[in-house]
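Hi everyone, thanks for coming. Let's walk through this one together, and please keep the picture open while I talk.

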Amino acid sequence: MNRCYCDSRAGYRRSGGLIVLVLLLSSLIRLSASEPPKVTARMDSSRFQLGDQVTLQIDLSYPSGSEVHWPLIADSLPLLKLDESMLQESPEDVARHSPEFAALDVFDRSRRDTSEQEGRIHIQQSLTVAMFDGGYFGLPALQFVVRYVDAQQADTIATEPLVFEVAMEEVDLDSDIRDIKDPLDVPWSIWEIWHWIVLALTIVAALTALIAYWSRRKPVEKQAFIPRPLKRPPHDVALEALRALEKDKLWQNGRVKEYHTRIAHIARQYIEERFAVLALESTTDEILDALMRSTSIDNSLLAKLRQALSLADLVKFAKERPLPNDNDLSIKNTYEFVQATMLVENEQTTEQTEQ
Amino acid sequence: MLTNIKEINEKIQAESAFVETIQNELGKVIIGQRSMLDRLLIALLSNGHILLEGVPGLAKTLAINSLASIVHAKFSRIQFTPDLLPADLVGTMIYNQRKEEFLVRKGPIFANFVLADEINRAPAKVQSALLEAMQERQVTIGESTFKLSEPFLVLATQNPVEQEGTYPLPEAQVDRFMLKVVITYPKREEEQAIMRLNLEGKLPEIQPAVDPGDILRAREILRDVYMDEKIEKYIIDIVFATRYPDEYNLAKLKQLISYGGSPRASINLAQASKAYAFVKRRGYVIPEDVRAICHDVMRHRIGITYEAEAENVTSEDIINEILNSIEVP
């Protein structure tokens, strides 16, 4: 049976002839009329624009209990590119032309939808395909192997070949040259940006927690100013110590050495703090010499101090046993020295100001 | 042993008259240098020896020579040189052909007052021979041992300049000197008096006024000079502060001191303090005595570190720091 393609614009009318042509080219196609298994392939449209996405629907039905091997469909399906002139030629002539091969890109595919009804199994799958070349194309038959369980034999069924036309936009060469069109806005899904949303929410949560922590944190208590205890004036300390010494009545109880040792220590400590002389680390002569050189203390006062310190030295280092009057004189002289040389409040303030 | 201070004082007053005699006689020929003369007396009374350090011409030899003349004792002077031998110092055995036997020829160390001039110019073996005699107060020649006569005072000198070709005394041997006295230049008026004295052409004649027995008796009395426990503790504090400065709030000295004073330092400081009190005609020791003599007893017994040398810190500075930090009793 010979058919011919008369007019490319009236391809629909001639599709029967084209199918026959493709059948002839595909020597592998076997038609089976009596068999229960059946497979079909159809497209949304037999004419569409370059780059348009169309659906290729595959329907398979076969008796239950049989097995079908679904053909492997990769990222593209092989096509035959047909010339317009081939539509009017006999299939043998077309075959002699050795047409070019092309590819139908498969963008997406659905899961195989399987159902069983009245002893038959129906399987459907949709492929989203697009073509990026213009012209006429023939999609060869897709082959499925069916293994009959009862008959212990296998058979091959195939879809009918499909012919379609991919139209290209006509260019008006007389019109003005225009700029390239902006990219089309692709509708976006929230799932495309879900990780950004999660990140933003995490940062907001962290900042909120931080601000909440800072705002609830107890304010650092400012340390209250604690004034340092004022140092007692040296004369105060010395006079108190002398009064305590008197009260202890040491020499009256035979503890003469301890008595004079304490008198000497009180006097030295007072001199060290009052006159900034290293009295505790100096001998009696060195103390008196330093006081004579660095102060204007009256000689009579220095003589009283010398009496107290020298007698203390004699008691401490020469086993001296002073008379009771001398014991009293030592503490009396020390009292007088302290009282005569002590700094009163006003003098103290004046001295500090001068310094 | 006397325990009453009054008795000790009276005894000292009676027996210490020679001190003034010596001071007066020495003062005739030596102008100034009072400190050196006092230290000579202290060493003499304490049975110690003195290391004198000073530049040439400061009357070191004259002082010891004059002291020997006053005390009426035998004096010998040994100039230490690099080729000196121990036998030149202590003596040797000489073979007598007529008697066909070895006889002992005693060296110059057999004297009451020995001036070892420039001790650091002789090698170690000679120094050792001298220092051994100083310590043991006896000398062995051949198979015979000879006791050195009392009083026996060695006054060694060393020159702080011209250190090339010298043999510095080891620390262990320096420790055997009771005092190390540093002599400085005289004052202007003292130097003028020295100049006049020498221009007259003849030094005043020194009369032997003191018998060695007086010295030995004074040493006996010196033992009775009272030293209170507080003074003993003060001395111990000073010596211990040179060993463990951080225990005396002197941690800054720790890195400056390589070694501190030995127990001999404590003993000598106590003895010298007693002698100083005796010279001052006192029967008891006061802190002034300890402080007055402390530098001379301690300065050669404190080793200073390289850090101290780099910072120009001397043992004198360390002693001053210690004395100014330890509370006087």
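This is a predicted model: local features need pLDDT of at least 70, side-chain atom pairs count only at pLDDT 80 or more; totals for chains, interfaces and linings use all residues.

Okay, chain A first: its secondary structure comes to nine helices and twelve strands. Residues are numbered from 1 along each chain as its sequence is written, and chains are lettered from A and ligands numbered from 1 in the order in which they are written.

How much of chain A is buried? Of its 355 residues, 22% count as buried. Buried means 20 or more other C-beta atoms within 10 Å of a residue's own, exposed means 12 or fewer, and partly exposed is in between, with C-beta atoms placed from the backbone. Take A:Met292, which sits in helix H6 (residues 284-294) of chain A. A:Met292 has 12 other C-beta atoms within 10 Å, so it is exposed. Its C-alpha atom is separated by 8.1 Å from that of A:Leu302, ten residues apart along the chain.

Now look at two helices of chain A, H4 (residues 234-248) and H8 (residues 324-341): their axes come within 10 Å and cross at roughly 160°. Axes here are lines fitted to C-alpha atoms, for helices over the stretch in contact, and angles run from 0 to 180 degrees between N-to-C directions. So H4(A) and H8(A) are roughly antiparallel to each other (under 35 degrees is roughly parallel, over 145 roughly antiparallel, 65 to 115 roughly perpendicular, the rest oblique). Among the residues that meet there are A:Leu239 and A:Leu242 from H4(A), and A:Ile331 and A:Val338 from H8(A). In contact means that the C-beta atoms, placed from the backbone, lie within 7 Å.

Chain A also has an open sheet of three strands, in the order S4-S10-S11, with antiparallel pairing. Strands S4 (67-69) and S11 (153-158) of chain A are at the edges with a single partner strand each, so one side of each has no neighbour in the sheet. Two strands pair, by the way, if DSSP finds at least two bridges between them. S10 (residues 143-148) and S11 of chain A share six bridges in the antiparallel sense, and A:Tyr148 has A:Gln153 in S11(A) as its bridge partner.

Over to chain B, which has an open sheet of five strands in the order S2-S5-S8-S1-S9, with parallel pairing. The edge strands are S2 (75-79) and S9 (179-182) of chain B. S2(B) pairs with strand S5 (residues 113-117) of chain B over five bridges, and B:Ile78 has B:Ala116 in S5(B) as its bridge partner. Helix H4 (residues 60-71) of chain B lies across S1, S2, S5 and S8 of chain B, at about 170° to S5(B).

Last stop: how many residues does each chain put into the contact? Chain B gives 17 and chain A gives eleven. On chain B's side, helix H10 (229-243) and helix H12 (287-298) each supply at least two residues, and H12(B) gives the most, with three.

How values were computed. Two residues are in contact if their C-beta atoms, placed from the backbone, lie within 7 Å. Helices (H or I, at least four residues) and strands (E, at least two) are DSSP runs, numbered from the N terminus.
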